[in-house]
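Subject: Structure for your review

Dear colleague,

Please find below the structure that I am handing over to you.

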Amino acid sequence: MLLEPKDFIEKLEFDKIIELLQKQCYGALGVAQIEKIRPFTDLTKIERLLKEVDEYKLSLQNADRFPMAAYEDLSEDLRLLEVDGSVLVEEGLKRINQILRTVEQIFKYFNKERIEIYPNLYNIIRPIPYDNTLSTAIDKVIDEEGNIRPDASPELLRIRRAINAKQRELEKAFKGIIGTYRKNGWLTDNVESFRNGRRVLSVPSEHKRKIRGIIHDESTTGKTAFIEPEQIININNDIFDLETEEKREIYRILKKLSAVLRPYVETFQWYQKLLIRLDMIQAKANLAIQLNARMPRLKDAPHLGIKQGFHPLLYLKNKSLEKETIPFDLTLIGPNRILVLSGPNAGGKSITMKSVGLLQLMLQSGMLIPVDEMSEMGVFKRMFADIGDQQSLEDDLSTYSSRLQNMRILLENATDDSLILIDEFGSGTDPKIGGAIAEAILRELNFKKVFGVITTHYSNLKMFAFKTKGIVNGSMTFNKEELTPTYEMKVGRPGSSYAYEIAQKSGLSKKVLKYAKHRTGKNEKAVDELLVDLQREKKEVEEQLEKMKTREKKLDRLIKNYDQLHRDLEYKRKKLKLEVKESALQQTQRDNREIDRVIRELREEKNIEKAKELAAKARAERQELQDGVSDLTKEIYYKENKKKKKPIQVGDFVKLRTGGASGKVESINKNKVIVMMGIMKMTVKLQDLIHANEPLDVKSTKSIQTNALKTTAKFESKLDIRGLSREEALKIIENFVDKALMTNVNLLRIVHGKGNGILRQTVAQKLKEYSDITNISHPEQQYGGDGVTIVELA
């Protein structure tokens, strides 16, 4: 990613964010890796990094502690271990075992439930193999303090027992010798000491010839001699020999263990890289909690859509002082790409501009940012800044010359995927000339379709922004009554510098101010007022246009609902008519026996013509009813079926339109289908079948009408799942949405609360399974905010 100038990171104070992250790290390797953090331009990678941090943050908020712990650099240990025949000392083994134990706890952490809650974190460790025998092998040799265990081998255990026995023997003998020589007055007050690794007596020089033994040392004054008594020389020699044996045995054990671990050097490197990566993630997550940071919506294109954004460093500073920080909204809609921000000095223009750049840097570096989660942020591949005093003695450049050089670099390299940040645009030279040059540069930047935030006091730039498509004015508001800045930003209108008001407040005399106002004349103020009025009118028109678009959408939805209701009503009317005709047909069939009886009587009376006439009339009535039922059945069922997108295929579960048990399609031959229902096979016409999961479960004409009407009448479009577990919520949401689809409801409201966000994620996950959902959103804060999910159905 291209960042200009070279001190871009420092200009936006991203280096201070890095320092905050480093304070959160468990290990020096994590600190070093965070030092290298730079923004990415690949949306997929950025999204993955943000999701990892978001999941770790969730674990912290849920008090579901991730098992990260302090770790040390293994680089030198592993370089030594790679050499054949090399031996790792206890400290090196302790460092390796420390990492092995942490990695083991991480693998144990991911049970089935946590894999579902933290899928992106689990994906980090999933491809890495873990061998718990390595830690077991080290544990057999060294303890938690990094010391060799007494029972690391049978031989070592024997040697250490022998050493202990000899030391007890030495202690007993030494006490006896001390008691004897002390009575004789041959010892100093210190009695004993250690010299050359051996236990010796502290003897005044005048008595040293009275004690038989080896003199190991004398004090610097020569008044004290340190003597190993003759009686314990053999015991000390035995201890020395045993300790030499112990060292050889320890070396042999460590050499054997090093040989066992040597083939796993690459595995240890994987584990170390894993901990470094997780260390960075947890550092970002802990900082995110301090900042109350969230993950915004991402777009794979340059875009600025910040809602309730804070400058991270200012937020932390004010938080420590228990002061309020004013958030800002910056959403450039339509063709607008560049914000020209004006307003009074010390009103927050520069801090807002820096906030935009710093938030973008943090986001593209895989950090959650202090914005509302409904914010929409894009990805930029180039970022340019011109902030602060650019004077350079080394390059012999004045402030303005240096700024012009920055502008040249910017114009040569900026493209439509660039974000530019310019503070006090055009300042540093004659206002008229500087303003004209700034306007020309702004014009070129707009042609290049860059995105950016520019602060200025120049009226010509405000006017240019008003007249030019792609550029919009913005202002930092000012309290005229108290003559204090409010630090609130308004997009869509230019701001005044309030220079006279601020000068008056600072104590400048009225005489000075009166002369200044006389020199500027009325035109300057008139331009500002005209701009404000024009911008206000323009904003009003835009708001009216937006309201009309919103009303148009609502009207389209109402028309769609009306059409659906009309179709439903027509459908139910035809079904009611079908029910009446079927009922009449059934009644006709019940009357057949009575008709047959009458015909038999007429035949017996030799009235053949009348019998024929009566029979023909009965057949005609029955045929008419059958035709009516058949026509209505085709119109209701088969015409409806043509709207279904998915045709019946082999393997599908189906059932008869008239209801009954479901079965599985075994084969389809033209219009004939063989369906397996339990142990029985049936051959059915294709048009008489529907999918078993058809939302409207047709069992009979009567049941369709009554059940559909009852479901519609009783269905409640609001669902409250607060307090439920994830599994309970998934089942209830599924039933709720299924019923909504059956009853043709278009708008649903699911209340899940804010809490730790698990239920909100559960709702979002379940709703992704439905293709009939056209939009998912959250209402305004006063109506529940992100504690409520609004679902719009097709």
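A helix here is a DSSP run of H or I with at least four residues, and helices are numbered from the N terminus. Helix α16, which covers residues 431–447, holds I433. Please note that this is a predicted model.

I433 also takes part in a feature of the surface. Together with L404 and I437, I433 makes a nonpolar patch of about 230 Å².

The next residue to look at is T468, in the loop that links α17 (459–467) to β14 (471–479). Is T468 buried or exposed? Its relative accessible area is 16%; because the cut-off for a buried residue is under 20%, T468 counts as buried. The side chain of T468 has a polar atom 2.6 Å from the backbone oxygen of F464.

Lastly, please turn to the sheet. In general, the strands of a sheet pair through backbone hydrogen bonds, in either a parallel or an antiparallel manner. Here five strands form an open sheet with antiparallel pairing, and their order is β19-β18-β17-β16-β20. The edges are taken by β19 (680–685) and β20 (689–691); each has a single partner strand, so one side of each has no neighbour in the sheet. From one strand to the next, the twist averages 45°.

Within this sheet, β17 (residues 663–669) and β18 (residues 672–677) run antiparallel and are joined by five bridges. N669 has K672 in β18 as its bridge partner.

Yours sincerely,
A colleague

Terms used:
Residues numbered from 1 in each chain as written. Predicted model: local features only at pLDDT ≥ 70, side-chain atom pairs only at ≥ 80, totals over all residues. Heavy atoms only, no water. Helix = DSSP H or I, 4+ residues; strand = E, 2+ residues; numbered from the N terminus. Buried < 20%, exposed > 50% of the residue type's maximum accessible area, 1.4 Å probe, protein only. Polar contact = N/O pair within 3.5 Å; in protein donor to acceptor, adjacent residues only side chain to side chain. Patch = residues over 30% accessible without salt bridge, like charges linked within 9 Å, V, L, I, M, F, W, Y side chains within 5 Å. Areas by Shrake-Rupley, 256 points an atom, 1.4 Å probe, with all protein chains shown as cover. Salt bridge = Lys/Arg side-chain N within 4 Å of Asp/Glu carboxyl O. Pairing = 2+ DSSP bridges. Axes fitted to C-alpha atoms, helices over the stretch in contact; angles between N-to-C directions.
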